[in-house]
Amino acid sequence: MKKLFTLLLVLWAGISSAQVVSVPTAAEVERKVQDLDTKIEVLGKRIQFQLDSLAEVLRGETGNPDPKPTVPVPVECEHPVTLVEVYDVSQSGLWYNFYSVGVTNMKETIRTASGKVVLEHITAGLTRDRIFLQFNLDPGRYSLQIENADCDAKSQSVSFTIQGGGGGGQPIPDPVVPKPEPEPDPQPIHFENPGVYSLVQNGQVYEWIPSENVEVEISGGKVRIIAPETKQSRERGNTCRRFLVGDLFDNRLPEKEENALFGEGLELPVGNYEFKILYLNAKNWAEVEKNMWQLVGYDNHEHRAGFYNSAEVETLKLSITDGSPIQGIHSDQWRTSWIPQYQILPGKLTLPEGKAFGITRYLEGIPKDSIMSKITHIQHVYEWVWQYPLSKAWKNMQIFDGNGAVQMPDWHIRNAIMDPGYILMSEYAENYGNMFGCPPCYEKAEEIYEGIYKRFEQELGITSPSQTWLGADYFGPLWGVSSAIEVTNGLPKMYEGLSSIHFARSRLFNGQWYLSGYWERGYYKNRNLFVQGYIGNLLHNIGNQHLIGRIYNLEKSGLAAPDRRKIVYSTNAQEGLHLDLATISGTWYRTKLKEGELLRLDGITNSFHTILSDAFYALLFGDAYIIWESNVPMNADPYTFGTSWFGGEDSWKTRWKPNGGEAKEYKEGVWGPPKTKAKGQFPEKPLTGDQGAWVGAKLYEKLGKVSELYWADYERDGIPIVAKRGQDGTSRANINGIQNLDQNNIVQVLEKKLPICLVVRSDNGKFLVFQDPFAGLTSKQLITVDGQNFLITGNRLQVHKLN
C-alpha cells in the first residue's frame, strides 16, 4: 500500500504544474504517507475508493488543492486524435494543427528529447483545428503530444526544435554522459489502411489490392503472383496467354523478373508496385508489341478483334514498407491504399511561387485547412472552396450558368472570376459543339479566353498571359492547337522538332509539319499552354516509351514558348476511348472487409509510379500538374462504399463474397456487408495514382526554386556518357526562359536506351534527378556524377542531393 501511494505522490509532483517541480525527499514522502494512511482508511468506509478521490486528498495534504472539480476516470473516446503538424515555433510558443471529431478541451504535453515533461496545459473551449500554445522555454529539442482532455484519445508525439538563445523556463541540462542521448524519431500516426490485404513478415509490411483472380504469396522476402496462365477470349473461345506489365507507363518487365514473379517469387526492394496481367491471343511479347490493335482494338464499325483476341485484365497493387523513409518521405506515403492517404497523414506541400499542384477529390472528415495545406489548388466545384482565396482554386469551365442554362461567350466573359491565381481550364468547345458543330465550337471557346484576358489587362494591369493561370480548352488538340507529338512518329521527326523554333511550334499531320493554331491563330496572345493531357490506355502505351515522350513534349513546349506557363493535366483512370477493349472492360477490384470481400467492376488505372513521374517532370520542366476527375467526395471508411457505376450503373457490377462463401450479386440489406451512412463514399477504385502524384510533387518540393536545369555528363558502370550540347554551347534543358536549340538529349535517351540523368541547381542546393525507364525492378547500376557515386536500383525516379 505504501509503495502505491509513494508512486502516486511522485506522479502528482510531475503533473501538478505547467513547469517541472521538485520532488519531495524520501523522509517527507514517508511522513505524508503515514498521515494519509489513517485518513484513507476512514475515507474508504464512507465512499468507494477511486483514484480521483485519492488524488484530491493527496493534493489537499500537500498544500496544493486542485481548483477544478473532481472528474470521473475518462472513458475511451469515440474518435482518435491526430497531431497533423507543428509550425511557427519560437521560445514563446508554437502553433499546431490537429484532426479529430467532437473535441472540446485539448490537453498538451511538451517533453524534452530525453522524455522529461516540461509543460502540461489544457486549451479549453476549442472552436477550430489550429491552436496557439504559449510557453516560455529555452532553445533545444522537444516533442509535443496532445490528447482529448475529456476522454481517452492521445496523438502521436511530434518533435520540434526551438532555435536561438536566452529565454526563461526550464532549460535543458547539459548531458552528464559522454554521448548525448539521441532524439527519438518522430512517431507517425497509426495509419489504418482500409480495405487492403496485408501481411507482416521479417519486419516488413506487405499490403496489396488484388483483382478477382489474383492471389499473392509471400515467403522468405519473395513475392509470388498467382494468376491464371490462360483465359478464353470474349468471343470465339480463343486461348489467351498471360503477359505481365510493369508500373512505369505500362512498361514491359525483363523476362527474368516476369518468370520469377510467376514462379519461385521475386525479392523486391521496399516501395510501391503495380502489375497488370494482360490476356492476349499471342505467342510472345514480339507479337504483342507488333499487333496490339489486332489484339485489343475495336471500333463501332466492323473491327472487333479485341473481342476475339483478348480477355479481362487482372491487376495487383502492392507495397512493401519497413517504417524507414523512402527518399526522405515517410514510408506511410508509399503504401498501397484505396485512398490518397496524404490527405490524412501529417505533412504539407510547399511549392515555389509559380508552381501549382491541383486536385479534384478530397476526403470528408479531414479539416479543410489541413487539406488545403497539402495542395496549391482544388477544383472549384464544392461550396466550401469559397472560404479560401480564389487563387487556391481551379475550374474546368462549361457553357452553362448556375441554373444549367446555356450561355454565350459574352456572358462567360462578364461573369469570369478575375483572380490571376485562379487556374482556368474548359470544355467549352465540346459543349458548344453539340449546338453549333465544329470548328465554330472551338472559335467560341477561344473567344471567351480572349475576352477574359482583355479584362485582366484593363482591370488588373496584367501585361502577359504568364502573369495569369488562363489555361486552355481540352478540345484544342482536335483543332490543331497543340504542338505535342507522339514518340511513334519516329526518331527523325523527334530530333527535327527540337532543331528550330518553327518545328517546336508545329504539329505533325500525315508526316508533315504545320504551325500550331496556338501561334497561327494568335491564341498565344491571350492564354498559356496546355502541353498534354490524359495518359494513354493500354493500346497506346504497350511497346512505347511514353514517359520519354511526355518529357520530350515538355522540352518542345519550353523551346516554343519560354514565356508562357505550361500546364499538364491527368487523371487516375486510363480511358479506353472506344478503341481499347482491354482498358474499357475494366477489372474486378477486391475490397477486404472483416465479413468478407466486396468485388466491384471498375476502370484500369494509372499506377502510383506512372503518375508520380508524370507529376514530378511536369513541375520540373513546366509549371502545373492538375488531377481532373470525378468530383464525388471520398470517405476513408470502407463501409461507406457505393455500388459500381463504371460504364453506367448496373447491379451485376457489384458482388459480395462472405468469408468462406460464394460471390453473388450485391443486394443492399439482403446480400452484402452493413453500410455506413456518411458524407462522401469509399473510392470506387484504388486511387494509388492520386497518391503517387502527390509524392511526385513532394519530391519536387525538395528542390526548392530551380535556377538551372541541365542534362548531366556522368559515368554509368564506369562508361562515360557525355550530354549533347545545344546551340548555346551547354546542355541546358528547355524550360521557362531558356531556348537551347538542338539540345536533344531526351531523344538520345530514347534512341540509345539511356537513363534520364539531370542536374538541378536551386536555392536548396544541387541535385541529381535520375531515372532509367529501360531498367527492370531489381537491376542495379553505378552512376557517377560530379565525382559522387550512386548505386541505383530499378527504374524508379530518384532525387539525390549533390555536394
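What share of the 803 residues in the chain is buried? Buried residues, meaning those under 20% relative accessible area with a 1.4 Å probe and protein chains only, make up 55% of the chain. The model is predicted, so that local features need pLDDT of at least 70 and side-chain atom pairs count only at pLDDT 80 or more, while totals for chains, interfaces and linings use all residues. Residues are numbered from 1 along each chain as its sequence is written, and side-chain values use heavy atoms, with hydrogens and water left out.

The secondary structure comes to 20 helices and 38 strands, taken as DSSP runs numbered from the N terminus (H or I over at least four residues for helices, E over at least two for strands). Among contacts, defined by heavy atoms within 4.5 Å, between residues at least 6 apart in sequence, 69% join residues at least 24 apart.

Two packed helices are described by the angle between their axes and the distance between the axes. For helix α18 (residues 608-621) and helix α19 (residues 688-701), the axes come within 7 Å and cross at roughly 35°; axes here are lines fitted to C-alpha atoms over the stretch in contact, and angles run from 0 to 180 degrees between N-to-C directions. The contact involves residues of α18 including F608, I611 and F616, which meet residues of α19 including T688, V695 and Y700. By class, the residues of this contact divide into twelve nonpolar, five polar and no charged, where Ala, Val, Leu, Ile, Met, Phe, Trp, Tyr, Cys and Pro count as nonpolar, Asp, Glu, Lys and Arg as charged, and the others, Gly among them, as polar.

Turning to the backbone, most residues other than glycine have a negative phi, and most peptide bonds are trans. A cis peptide bond, with omega of about 20°, joins C438 and P439, and P439 lies in the loop between α10 (428-436) and α11 (440-460). N510, which is not a glycine, has a positive phi near 55° and is found in the loop between β22 and β23 (512-515). With a relative accessibility of 68%, N510 counts as exposed, a term that requires over 50% relative accessible area. K753 likewise has a positive phi, of about 55°, although it is not a glycine, and its place is in the loop between α20 (745-752) and β34 (756-762). K753 is also exposed, with a relative accessible area of 54%.
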